[in-house]
Amino acid sequence: MVGVPKPDHCSFLTLDTAVISPQDPTLLIGSSLQATCSVLGDPPGATADGLYWTLNGRRLPTELSRVLNTSTLALALANLNGSRQQSGDNLVCHARDGSILAGSCLYVGLPPEKPFNISCWSKNMKDLTCRWTPGAPGETFLHTNYSLKYKLRWYGQDNTCEEYHTMGPHSCHIPKDLALFTPYEIWVEATNRLGSARSDVLTLDILDVVTTDPPPDVHVSRVGGLEDQLSVRWVSPPALKDFLFQAKYQIRYRVEDSVDWKVVDDVSNQTSCRLAGLKPGTVYFVQVRCNPFGIYGSKKAGIWSEWSHPTAASTPRSERPGPGGGACEPRGGEPSSGPVRRELKQFLGWLKKHAYCSNLSFRLYDQWRAWMQKSHKTRNQDEGILPSGRRGSARGKRARAA
Amino acid sequence: MSQREGSLEDPQAISLLPHLDAKIRQTHSLARLLTKYAEQLFQEYVQHQGDPFGLPGFSPPRLPVAGLSAPTPSHAGLPAPERLQLDAAALDALPPLLDVVRRRQAELNPRAPRLLRRLEDAARQSRALGVAVEAVLAALGVPARGPQPEQPPAAAAAVSTDVFPAKVLGFRVCGLYREWVSRTEGDLGQLVPGGPA
């Protein structure tokens, strides 16, 4: 066939022309290296005379080299720096005309330090994910391999985690076949070309590190016409719904234009809550999370889930400025931690003891407030009071309600 | 079909075959896209090997690569069917070489996932382009393979465990991939109706 391509190797020197020793050495930072480049065979012009070295593309000073014999050029490097790339520094021996005769890759670095700060969590008791911190505060300059190992404390063989980097560069995920009610020992081994190091052993029971999904179906709605309250409802995370009788929940909320979240902590194992003390006519974003505390009798704190997706709602508009701050008010009229309501709680408690108004309750209080707001609006319309408090055209004066 | 219509020498004849037109255009577009990817792969590769691999004028020994040579200077002067046959043969030879490079780079640069992914993609894309070129040849009534070219002797570096020769081999393979994909784009471009004769 016309024009069949021929191999294109004939007119060039190959990498078999010379050999560098040592080939691909591993060295500690700060150490020295003695290397040689020995020319093989007899191609014309390729003697040790005229040879030179480069390291990562930069020509090395001639004073670092010396000719050992007609075919060998030596090199002495001292106080080596850490490797510039993980694939190794390129030490190259060149002929006089600059062509490459041979190469060797240097691996200069530090052995790994002990990994530490191992933390683990289990999602719905089905798996285990662990994270750790590598030991060296700076780089080792060498590729360091981390291996998470685990075993049952009192029996069983060592196992190695296989799914790495699931939650960051130093993490591993064990997807299945985990035992409950029995402790595991977990540790991390770090290995590179210069050695290895092992972390301290972490002992844990899966049930003590359980987390779960965020609560689904979070709904936020107004509480009638109350301009400073919103009602939040959610559903227990379904994966653990049969185990969450001691679960805790947390709510956080913020005004639409703000980045500052307010957190409501004291929401025990309920699936609804009322936020009070909010600003009227304002859009709020609300999120909820769950801590599956007390799973199977575990006494440990449990691990908070991620926050649910933000749900937004707005408080009704009002002409009166709303009170600042807020706290969660549970439905059913239990007292919350706000100062006004705290005093009211004390008052109601006193009333129950010393008076005969046993039917007084927070529900009644809220109804009274709603009535007050409605009659305040009606009064403002009658008196022609504009939102800023200025008077407009008045139809006639009325005494303010007591 | 008239003799004129069936002739590869007359680009005008090809325009009378709309399905073949479309096939050639499509394959040419694919080759053009893969030329860009091949260049990106080459740049990513040299970056991870360190200097002097990325330096202008870097010219390592032209190690022979088993089963594959670079396009020769006389390639452009060959008739279109033979050029395409050589393109298809090269594209078919590249995937196993790219796999060898990827496996070695997985040891040398384990923290370079994008490089490893590009190498894996390149093997797949080379195969796809080769099949597409063979389909064009079939549509033109030309066998996908001509007489087998001489195989260059297997490169010593292909089996060496030393790192520097492995880096050089990868440099060569990525370079060959870039050359052959670009060559294929050029050869198909000459068949696209309205393209250069």
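Let's start with the disulfides. Over all chains, the structure holds three. A disulfide here is a pair of cysteine sulfur atoms within 2.5 Å.

Before I go on, a word on the model. It is predicted, so local features need pLDDT of at least 70 and side-chain atom pairs count only at pLDDT 80 or more, while totals for chains, interfaces and linings use all residues. Residues are numbered from 1 along each chain as its sequence is written, chains are lettered from A and ligands numbered from 1 in the order in which they are written, and side-chain values use heavy atoms, leaving out hydrogens and water.

First pair on my list: A:Cys37 and A:Cys93, with sulfur atoms 2.0 Å apart. The torsion about their S-S bond is about -85°, so this disulfide is left-handed. A:Cys37 sits in strand E3 (residues 33-39) of chain A and A:Cys93 in strand E8 (residues 89-94) of chain A, so the bond ties together parts 56 residues apart in sequence. Helices and strands are DSSP runs numbered from the N terminus: H or I with at least four residues for helices, E with at least two for strands.

Buried or exposed, A:Cys37? Buried, at a relative accessible area of 0%. A:Cys93 also counts as buried, at 0%. The cut-offs: buried is under 20% relative accessible area, exposed is over 50%, partly exposed is in between, with a 1.4 Å probe and protein chains only.

Next pair: A:Cys120 to A:Cys130, S to S 2.1 Å. The S-S torsion is 105°, and the link is right-handed. A:Cys120 belongs to strand E10 (residues 116-123) of chain A and A:Cys130 to strand E11 (residues 128-133) of chain A, so the parts they tie together are ten residues apart in sequence. Both A:Cys120 and A:Cys130 are buried.

Then A:Cys161 to A:Cys172, S to S 1.9 Å. This link is left-handed, with -100° about the S-S bond. A:Cys161 is in the loop between strand E13 (159-160) and strand E14 (163-164) of chain A, and A:Cys172 is in strand E15 (residues 171-174) of chain A, so parts eleven residues apart in sequence are tied together. A:Cys161 and A:Cys172 are buried.

What about A:Cys105? A:Cys105 is in no disulfide; the nearest cysteine sulfur, in A:Cys93, is 14 Å away. A:Cys105 is buried, at 0%. Now A:Cys290. Its sulfur is 14 Å from the closest cysteine sulfur, in A:Cys273, which is too far for a bond. A:Cys290 counts as buried too, at 0%.

On to the sheets. Five strands of chain A make an open sheet with mixed pairing, in the order E2-E9-E8-E4-E5. Strand E2 (26-28) and strand E5 (58-59) of chain A are at the edges with a single partner strand each, so one side of each has no neighbour in the sheet. Two strands pair if DSSP finds at least two bridges between them. E8(A) and strand E9 (residues 100-109) of chain A run antiparallel, joined by six bridges. Across that pairing, A:Asp89 stands opposite A:Leu106.

Still in chain A, look at E16. Strand E12 (residues 145-152) and strand E16 (residues 184-192) of chain A run antiparallel, with eight bridges. A:Tyr184 in E16(A) stands opposite A:Leu152. In E18(A), the bridge partner of A:Tyr184 is A:Leu204. E16(A) also forms a hairpin with E17(A), with two residues between them.

Now chain B. Helix H4 (residues 113-139) of chain B has 27 residues. It reaches 39 Å from first C-alpha to last, close to the 39 Å expected at 1.5 Å a residue; the expected span is 1.5 Å times one less than the number of residues. Its buried residues include B:Leu115, B:Leu119 and B:Val133. The buried residues of H4(B) pack against helix H2 (18-49), helix H3 (80-108) and helix H5 (163-189) of chain B, where contact means heavy atoms within 4.5 Å. After H4(B) comes B:Gly141, with a positive phi near 80°.

Last topic: the cores. The largest nonpolar core has 59 residues, and B:Val133 is among those with the most contacts inside it. E9 of chain A and H2, H3, H4 and H5 of chain B each supply at least two of its residues. A second, separate core of 25 residues includes A:Met125 and A:Trp234. A nonpolar core is a set of buried Ala, Val, Leu, Ile, Met, Phe, Trp, Tyr and Cys residues joined through side-chain atoms within 4.5 Å.
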